[in-house]
Amino acid sequence: MTRLRTIYLSRQNPSRAARVRPENPGFERFMWWFMRLSGLALVILALGHMLIMHVLVQITGQQVDYGFVTSRWGTPFWRIYDFLLLVLALIHGVNGTRIVIGDFVSRGGLRALLLVSLGALTVLWMILGMIVIIGFNPATSPAVGPFS
Amino acid sequence: MTTLDRLLGLQDRIVRYRISWAQLAWFGHRLSGIGVVLYLFVHIVETSMVTLGPNVYNTTLGLFHNLPVRLGEILLMAALVYHSLNGLRVIAMDFWPRLTVYYRGLTYAVVSSTVVAMIPLALIMITPYAPWGHR
């Protein structure tokens, strides 16, 4: 198996912030492409999300609250936007974390534990996020929550 | 032995080697990425509270309405801006290898653009807690 090395370590490229594109087709090469393509999309999606939620809302004097989310998710556009943001950002971020764990944790047992936990958490959080974005319906949500 | 010599000797012993901008850019990319993904996990749980109705959701959001969290959100914005710009630099150099010649200038451009962009963004985001924001 070809052990992937960062450009940083192999000194082939002065950028030192990227990996060499894996030679063989497979999971690692797929993720190499995924990181770059999802990264390009996330520049728009994630920065756009932050600019709307933290800057535009502030400038226009609005407040993010239940009513804000209800009206936002009343249009399919923002549901699709947020769904894409959820899926791309979670996979992009978790794959980055996987690479960082692989680079910094060399002990086999600990590394395996971290990677399995990361995978399990990701599946749970992905399902939770998808259920919320697709399934949220203000008509059926309780007016007074269960904890009050 | 002059004072300058002693200072330089001290610097050699403490720093050992000079950290380049390229290494800092690489480390900053990882640090900002880990920071954003940690926030993402919290943010998904926070947003999922919307399904429990207005009372629970607005109460949850209330936990985030204080100065320390707002400062964290400004850091998050800086991490996202830096990660985006540096990521674009990495992508550009991956697909146009000739650009690697200019990696130093591109790295300076990424860092300085992040700083410049963060000045108005931070000022707007801190407004509710700033003297000029009075609410």
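**Figure 1. The kink in helix α2 of chain A.** In this predicted model, helix α2 of chain A (residues 27-59) has a kink of about 40°, centred on L42(A). The bend at a residue is the angle between axes fitted to the seven residues ending there and the seven starting there. Helices (H or I, at least four residues) and strands (E, at least two) are DSSP runs, numbered from the N terminus. G61(A) follows α2(A) and has a positive phi, near 70°. L42(A) is one of the residues that L85(A) touches, along with L45(A), A46(A), H49(A) and L90(A), when residues up to four places away in sequence are not counted. Contact here means heavy atoms within 4.5 Å.

The model is predicted: local features need pLDDT of at least 70, side-chain atom pairs count only at pLDDT 80 or more, and totals for chains, interfaces and linings use all residues. Residues are numbered from 1 along each chain as its sequence is written, chains are lettered from A and ligands numbered from 1 in the order in which they are written, and side-chain values use heavy atoms, with hydrogens and water left out.

**Figure 2. The largest nonpolar core.** This core has 46 residues. A nonpolar core is a set of buried Ala, Val, Leu, Ile, Met, Phe, Trp, Tyr and Cys residues joined through side-chain atoms within 4.5 Å. Buried means under 20% relative accessible area, exposed over 50%, and partly exposed in between (1.4 Å probe, protein chains only). The residues with the most contacts inside the core are W73(A), L85(A) and L90(A) from chain A, and V50(B), M77(B) and M118(B) from chain B. Two or more residues each come from α2, α3 (66-72), α4 (76-104) and α5 (108-135) of chain A, and from α2 (21-48), α3 (54-62), α4 (67-95) and α5 (103-126) of chain B. With 10 residues, α2(A) gives the largest share of this core.

**Figure 3. Chain B as a whole.** Chain B has five helices and zero strands, in the order α-α-α-α-α from the N terminus on. Of its 135 residues, 40% are buried. Among contacts in chain B with a separation of 6 or more, 66% are between residues 24 or more positions apart. The accessible surface of chain B is about 8100 Å², and carbon and sulfur atoms hold 71% of that surface. Accessible areas come from the Shrake-Rupley method with a 1.4 Å probe; for residues, only the protein chains shown count as cover.

**Figure 4. The surroundings of T60(B).** T60(B) is in helix α3 of chain B. This residue counts as buried because its relative accessibility is 13%. Leaving aside neighbours within four places in sequence, T60(B) is in contact with E46(B) and M49(B). S20(B) is 40 residues from T60(B) along the chain, and the C-alpha atoms of the two are separated by 43 Å.

**Figure 5. The interface between chain A and chain B.** The size of an interface is often given as the accessible area lost when the parts come together. Here the two chains bury about 4400 Å² between them, 75% of it on carbon and sulfur atoms. Buried area is the accessible area (1.4 Å probe) that two parts lose on being put together, summed over both. In chain B, W26(B), R30(B) and F41(B) lose the most area to chain A, together 15% of what that side buries. The contacts involve 49 residues of chain B and 55 residues of chain A.

**Figure 6. Salt bridges between the chains.** A salt bridge is a side-chain nitrogen of Lys or Arg within 4 Å of a carboxyl oxygen of Asp or Glu. There are two salt bridges between chain B and chain A. In one of them, D103(A) pairs with R30(B), with the closest N and O atoms 2.8 Å apart. A salt bridge also links the side chains of D94(B) and R36(A) (2.6 Å, N to O). D94(B) lies in helix α4 of chain B and R36(A) in helix α2 of chain A, so this pair joins two chains. D94(B) is buried, with a relative accessible area of 19%, and R36(A) counts as buried at 9% relative accessibility.

**Figure 7. Salt bridges within chain A.** The whole structure has five salt bridges over all chains. One of them joins E28(A) and R98(A), with the closest N and O atoms 3.1 Å apart. E28(A) lies in helix α2 of chain A and R98(A) in helix α4 of chain A, so the pair ties together parts that are 70 residues apart in sequence. E28(A) is partly exposed, with a relative accessible area of 30%, and R98(A) is partly exposed at 23%. D82(A) forms a salt bridge with R72(A), the closest N and O atoms being 2.9 Å apart. Because D82(A) lies in helix α4 of chain A and R72(A) in helix α3 of chain A, this pair ties together parts that are 10 residues apart in sequence. D82(A) and R72(A) are both buried.
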